Amino acid sequence: MKSPSRRKFLKQATLTTTGFWVAGGLSAASQKAQPGDRINVAVIGCGGQGASDLAAVAKTNQANIVALCDVDEQRAAAAFKQYPKAAKYADFRVMFDKQKDIDAVVVATPDHVHAIASITAMRRGKHVYCEKPLCHSVYECRLMKETAMKHKVATQMGNQHTASTSFRRAVEIVQAGTIGDVREVHLWTNRPTWPQNINRPKGTPAVPKTLNWDLWLGPAPQRPYNPAYLPFNWRGFWDFGTGALGDMACHIMNFSFMALRLGYPTSVIAELDTPLNEETAPLGCRVTYQFPARGKLPPVTMYWYERRRPPEKLLLGQKPSAAGHIMIGSRGTIHLTNDNASNLTLLPAAQFKGFKDPVPTLPRSPGHQREWLDAARGGRPAMSNFVDYAALLTETVLLGNVAMRVGGKRVLWDAEKMRAVDLAAADRFIRREYRKGWSLE
């Protein structure tokens, strides 16, 4: 049960969550480092995407890599070898207890560990860069935002294309009114490219000697090890991952969410291509989000497709792509086939011949990881920080998973109370129970 102060804070966080893109400001952060200082960085999850994040942070030449943490020695072997002077850990809780020189943390674990690793770090005053999706559950999104606000740390979610000049240019094009009022958006992906709509694997194979399975499970319910989960296919299992929507929407939905200054949806409903499965996400689906008007901006209907595409007529003659984005305005359409908007097409083409970009209104980025490190030294908060943007975007994404898991029922979202109206079946998907020994309280 949440304490009264916790309930009050979560409610306040809800009411103030529209942040920079609606209200026009960025949350301040109180930093320990000073301009010019190098930041002592620890990385939790050093293999896979974590290796990429580690390389990107190191490339800025603004960070000292002082600690590396991973539950799988084999998966992390290359990183451990590359940074022989960095302290090595399997348990991030032990790392924080033992090592006091850490200023900032990169979290690149599977989804189900994102929140507990990040919140543990922020409560100790560490700046946090966390991979997408920011969280595994809606409640975790609220708590991530609350914790970042309370401890005034610099944060950034790993939807890296947010930092690209082409992405920010695309946002400016929409916000300048180029395509008029937007009431409809279509987003699609060819994922999942990993197994979904499957049952739990059988058997109890031996746990590899290099893997600490109990630590890999973290807050997730106890179950036997199986190679069906590692190193990649955990994404489809609800206990660990967030399916194709969680995996990709923080990239694909990012542009429209930011450009249209979207906030909480009022309703979400999912149409599944495969039967409801308690263990894994569906093999394909369409999720429909309804967003309310925002000041003078009209309501928006957003369609998310997995292993589907929108009606071909909406492409206006463009070649179908594996993933993409169509934004339909009263004066034109925008078509994208990548997440950084470098191939933005204004349609119909003849109407926009000779188009000139609007005057820039957004700051240009020195790079996604550098943005975060600069913020940790007292600079401008990073654009995908938890307080102003990333927690709200991720919560919206994850509400689509809630809609999938309630079996086609419409989720009417009461953002202030953080609940689905008259739909108690959704409660366990909004806030999950943690395994004994792991807690966010």
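**Pockets, Sheets and Helices**

Q: Which helix supplies the largest share of the lining of the second largest pocket?
A: In this predicted model, α13 supplies the largest share of that lining, with four residues.

Q: Which helices each supply at least two residues of that lining?
A: They are α13 and α14, the latter covering residues 427-430.

Q: And what is the volume of the second largest pocket, and how many residues line it?
A: Its volume is about 330 Å³. The lining of the second largest pocket consists of 16 residues, and H136, W238, R405, R428 and R432 are those nearest its centre.

Q: How does that lining divide by class?
A: The lining of the second largest pocket has six nonpolar, five polar and five charged residues.

Q: Now the largest pocket: what volume does it have?
A: The largest pocket has a volume of about 780 Å³. A total of 44 residues line it, and those nearest its centre are G47, A108, T109, P110 and W234.

Q: Which helices each supply at least two residues there, and what are the classes of the lining?
A: Helices α3 (49-59), α6, α9 (213-217) and α10 each give at least two residues to the lining of the largest pocket. By class, this lining contains 21 nonpolar, 13 polar and ten charged residues.

Q: Back to α13. At what angle do α7 and α13 pack?
A: Helix α7 (residues 138-151) packs with helix α13 (residues 386-405) at an angle of about 175°, and their axes are 8 Å apart. That angle makes α7 roughly antiparallel to α13.

Q: Which residues meet in that contact?
A: From α7, the residues are V138, C141, R142, M144, K145, A148 and M149. In α13 they meet F386, V387, A391, T394, E395, L398, L399 and V402. The residues of this contact divide into eleven nonpolar, one polar and three charged.

Q: Changing topic: what is the order of the six strands in the open sheet with parallel pairing?
A: The order of this six-stranded open sheet is β3-β2-β1-β4-β5-β6. At its edges are β3 (87-89) and β6 (155-157), each of which pairs on one side only. Neighbouring strands of this sheet are turned by 20° against each other on average, direction ignored.

Q: How many bridges join β1 to β2?
A: Six bridges join β1 (residues 39-44) to β2 (residues 63-69), and the two strands run parallel. One of the partner pairs is N40 with N64 in β2.

Q: What about the open sheet of nine strands: what is its order?
A: Its order is β13-β12-β11-β7-β10-β9-β8-β14-β15, and its pairing is mixed. The edge strands here are β13 (345-347) and β15 (419-420), each pairing on one side only.

Q: Do β8 and β9 run parallel or antiparallel?
A: Strands β8 (residues 267-272) and β9 (residues 285-291) run antiparallel and are joined by six bridges. Within this pairing, L272 stands opposite C285 in β9.

Q: Which strands of the sheet does α10 touch?
A: Helix α10 (residues 243-252) packs on the sheet by touching β7 (182-189), β9, β10 (300-306) and β11 (324-329). The direction of α10 makes about 130° with that of β10.

Methods
Residues numbered from 1 in each chain as written. Predicted model: local features only at pLDDT ≥ 70, side-chain atom pairs only at ≥ 80, totals over all residues. Heavy atoms only, no water. Pairing = 2+ DSSP bridges. Contact = heavy atoms within 4.5 Å. Axes fitted to C-alpha atoms, helices over the stretch in contact; angles between N-to-C directions. Parallel < 35°, antiparallel > 145°, perpendicular 65-115°, else oblique. Nonpolar A, V, L, I, M, F, W, Y, C, P; charged D, E, K, R; others polar. 1 Å grid on protein atoms, 1.4 Å probe; cavity = no way out; pocket = protein on both sides within 12 Å on 5 of 7 lines; lining within 4 Å. Points joined across faces, edges and corners; volume = space filled by probe spheres on them.
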